[in-house]
There are 2 protein chains.
Amino acid sequence: MSELKDFIYSIPTTVYFGKDQMGNIGSEVASHGKKVLIVYGGGSVKKIGLFDKVVAELDKAGIAYVEFGGVEPNPRIDTVRRAVEVCKKEGIDVIMPIGGGSTIDAAKLIAAGAKVDFDPWLFVSEYRPISEALPIVVVLTVAATGSEMDAIGVISNPETQDKLAFASPAVRPKAAFLDPTNTFTVSKFQTASGAADIFSHVCEDYFNMEPGLYMLDCFMEGLMKTVIKYGPIALAEPDNYEARANLMWAASWAINGFTKGGNNNTWCCHAIEHELSAIYDVTHGLGLAIVTPRWMEYSLTEENASKFASFGVNVFGIDASLPEMEIAKKAIEATSDFFFNKLGLQSHLKDIGIDETNLRVMAEKSCRYGGLPGIKLLLADDVEQILKNCL
Amino acid sequence: MSELKDFIYSIPTTVYFGKDQMGNIGSEVASHGKKVLIVYGGGSVKKIGLFDKVVAELDKAGIAYVEFGGVEPNPRIDTVRRAVEVCKKEGIDVIMPIGGGSTIDAAKLIAAGAKVDFDPWLFVSEYRPISEALPIVVVLTVAATGSEMDAIGVISNPETQDKLAFASPAVRPKAAFLDPTNTFTVSKFQTASGAADIFSHVCEDYFNMEPGLYMLDCFMEGLMKTVIKYGPIALAEPDNYEARANLMWAASWAINGFTKGGNNNTWCCHAIEHELSAIYDVTHGLGLAIVTPRWMEYSLTEENASKFASFGVNVFGIDASLPEMEIAKKAIEATSDFFFNKLGLQSHLKDIGIDETNLRVMAEKSCRYGGLPGIKLLLADDVEQILKNCL
C-alpha cells in the first residue's frame, strides 16, 4: 500500500443553479467578452424555447452572437474544425454551448482551436498542450457527462475510428447555467443513459485499493445513492423537479475532479466504452451500463472484495453481516439490476447490434497506452474477455 | 413546504493538499503580489519550524515580507486595526495567515481594512459592504473552522462584548496550503474542539425541514461520519496522517458553501456560541459541543423527528426499524457521547466556569436580529432555556 497522494484542488467554475437564473446570463457573458458563438446540437434547444430565451438575455446585455448548430452525439473533429473557422472569421470571444456533453465537449475543443493556427485534432492525436482557450459559458440541458464543470472533453474522428480525450484547465467552463427544468424534456432513454453515465463516473474513482480519503468515499457513495434514488423517479415523472435537480448536480460533482483528490487514476470502463462508441456510435451512458457490471465481475478478487463489499453495504444497503465475497457478488448483481431493470437499459451488446467482429480490435485499442490500471490491471486479453461477456 | 431554492455556487480557492506542496508557495504568492504580510498567532508556527519553511519559499521566489504575530484566539478588532496600519505603511499587497481559524479570520478583515480609509469595525457593526480586499493565501495549521476556503470571518470587540461575523466573496482566500502534517502538533484539546466545530458546521446546514438536495444530505452525513471516525483516532495517534488528512479536508468542506446549496439558512448554535465566546472567551468548538446536544434536545418535535431519525440511521448507524422518535432520541444521545466521551470535551458550562449570571443577556443578544430560524424557531426565551440546560 502506498500513501495517500497529494493533490491540487481548483474548480473555479461559477454555477447558477435553479429555475430562475436566466437573468444572470447577460452579466456573466459580458464579463468574458462581446461576441458569442452559440453552439448546439440537433435543434431541440430551439424546440423547447431555450435558445430564444438565451438570445433574449444576450440581446438585453448588448452581446452579439453567431449560431453554430448541428453538433452530433459523439461529436466529430470535422464539426470542430468548421466551428473554429467561424470563430476566427467572426472574431468570436466567448463560446456558449447550449446542450449536453457532446455539445460542451465540442465547444471545448472549438475554444482551444480558436486560439491556435494548427488543426485542433493535433491537441488530441499528438497531445499538443492546450495552454489557452476562449472562455466558455454553458447552458446545460442533460444531466450526464459533467462536462459543464470539468476540464476534459472527448472527440471522435470517424476517419481513424478514434474517440479520444483531451484535457486542460483552460477548457474548464467559466460558468454554467444548470436549470433542472431544462432537462424535463430529455427522453427516457437519454435520462437512463445519463444516470448510468453519472454512476459510472463515480465507479471509476471509487473502485481502487490504494489509500484514499474516506470522506471522498462517503461522498461518492452518496452520489451513487442519489442516482439510484432519483434515476427511476425521473423516468416515471419526467417533470419531477427534485429528481432532475439531484441528478443534475450529482452529474457535475461525479467528474469535476473533487472525487479524484488523492485517489489513483483508474477509469477502465470509459477506456473500453470509448472504443465501442468510436466504431459503433453507441450512446456513451448505454455503453457504460453494458460494460460496467461485466468489468466488476471480471475484476472481483479475494484481494479487492472488501471494496466491493463496502460498495454493497453503503450504496445498496446490503446486510453487512454477510461474508465479504457474498456481499460483493450481491452488489454487482444489484448494479446490473439498477442499470437493466430499474433504468430499463439494454443489457447486452447483441441487443444493440454489436457482434464479436471487432472485439479484439477494440480491446487492443483500449490498451494502446499500456494496460488499464483499474482495481485489477487489465491487458488486451482481459478487455477482450470482458467485451465477450457483454455480448 | 416551499420549493428547493436556487443558488449560485462559486468556490474558486485553489487548494494545495498534502505533504509535499510547499514548493508551490512561491509561484502562488507571486501570482498575487510582491510584498506579503505574514499573520500568525502565539508563535507555535515558529516553534514547529513552519514559519521558517514558508519564509524560505518566499525568499526563493524573491517575495518580500513583513511579520505580524500575536493574533489572539477569538481575534480582536484592535489587532486588526494595528495590522491594517502596517499594511498601509508597508505597501503590502498579499496577506498570508499561517495558523488556524482565528488567524485567518483576522487576516480577512485586515485584507478588507487595507483597502479602505475607515475603521474596519464598521464592516462588522454597520454591515458596510466589503467590495474588495487584498488577496489572501493561507497556510493552515488546524482542522476546524474552515475559514481557509470560505468567505466569512468572525471578529470580537471586547469593549462592546460583541463577537460578530462578516462575509464577502472578496475575502475568500485565493489559495490555501493544507498539509495534514502541520496539524500533528495540535493539542488534544484543540483537536477535539476542532472536530466538534466541523461536526457543528455540518449540523447547522443539515437540520432543516425545508426541501434540500438529497445529494447534499448524503454528503453532510459523510462529513459527520468522517469526523466520528477520525476525531478519536487523531486524539489517540496525533501523527496519524490518514486521520489528520480526513479531518482537514472535511473541515474545509463543512463550511465552504457547497452544503448550503439550496438549503435554508439556519445556523442557530453558532449564534448562541458566539455570545458565550464574546463574554467568556470560550474556545469556539468547545462552546459548540456544549450547546449543540442541548439545542437538539430542545428543538426535537414530532414534526421534525424524521430529520433527526435520518441523522441517527445514516450517521450513527442506529437501527432503522425502531420508531422514529426513539431513533431521534438515540441520535441525540450518540451526539453527546461523541462530544463528551469519544472526544473527551467538557460537557457543561459550569465545568468551564460559566454560571447563570449572563444567560439572559446572551440569549437576548443572540436574537438581536430577530429569532434564530433553525429546525425550530428560537426566541430569546428559548435560547435562555437551552443555555440553562447547558449549565
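Which strands form the open sheet of seven, and in what order? I found the order β1(A)-β2(B)-β9(B)-β6(B)-β5(B)-β3(B)-β4(B), with mixed pairing; strands here are DSSP runs of E of at least two residues, helices are runs of H or I of at least four, both numbered from the N terminus, and two strands pair if DSSP finds at least two bridges between them.

Before going on, I noted that this is a predicted model, in which local features need pLDDT of at least 70, side-chain atom pairs count only at pLDDT 80 or more, and totals for chains, interfaces and linings use all residues. Residues are numbered from 1 along each chain as its sequence is written, while chains are lettered from A and ligands numbered from 1 in the order in which they are written.

I looked up the edges and found β1 (7-9) of chain A and β4 (64-68) of chain B, each of which pairs on one side only. Neighbouring strands are turned against each other by 15 degrees on average, direction ignored; axes are lines fitted to C-alpha atoms, for helices over the stretch in contact, and angles run from 0 to 180 degrees between N-to-C directions. I then followed β1(A), which pairs with strand β2 (residues 14-17) of chain B in the antiparallel sense over three bridges, and there Phe7(A) stands opposite Phe17(B) in β2(B). Helix α4 (residues 77-90) of chain B packs on the sheet, where it touches β3 (35-39) and β4 of chain B and makes about 165 degrees with the direction of β3(B); contact requires C-beta atoms, placed from the backbone, within 7 Å.

**The two chains**

I superposed chain B on chain A by a rotation of 180 degrees with 0.0 Å of shift along its axis, at an RMSD of 0.0 Å, fitting by least squares on the C-alpha atoms of residues with pLDDT of at least 70 in both. That is the relation of a two-fold axis. Pro12(B) is the residue of chain B that comes closest to the rotation axis, at 2.0 Å (C-alpha). I also noted that 100% of the interface residues of chain B are interface residues in chain A too, so the copies meet through the same surface.

**Chain A**

I counted 15 helices and eleven strands in chain A, which is divided into domain 1 (14-182) and domain 2 (188-390), with bounds from an automatic or database domain assignment. The domain centres, taken over C-alpha atoms, are 27 Å apart, and 19 residues of domain 1 are in contact with 25 residues of domain 2. On the domain 1 side, β7 (152-157) and β8 (162-167) are the elements that give two or more residues.

Definitions and conventions:
Contact = placed C-beta atoms within 7 Å.
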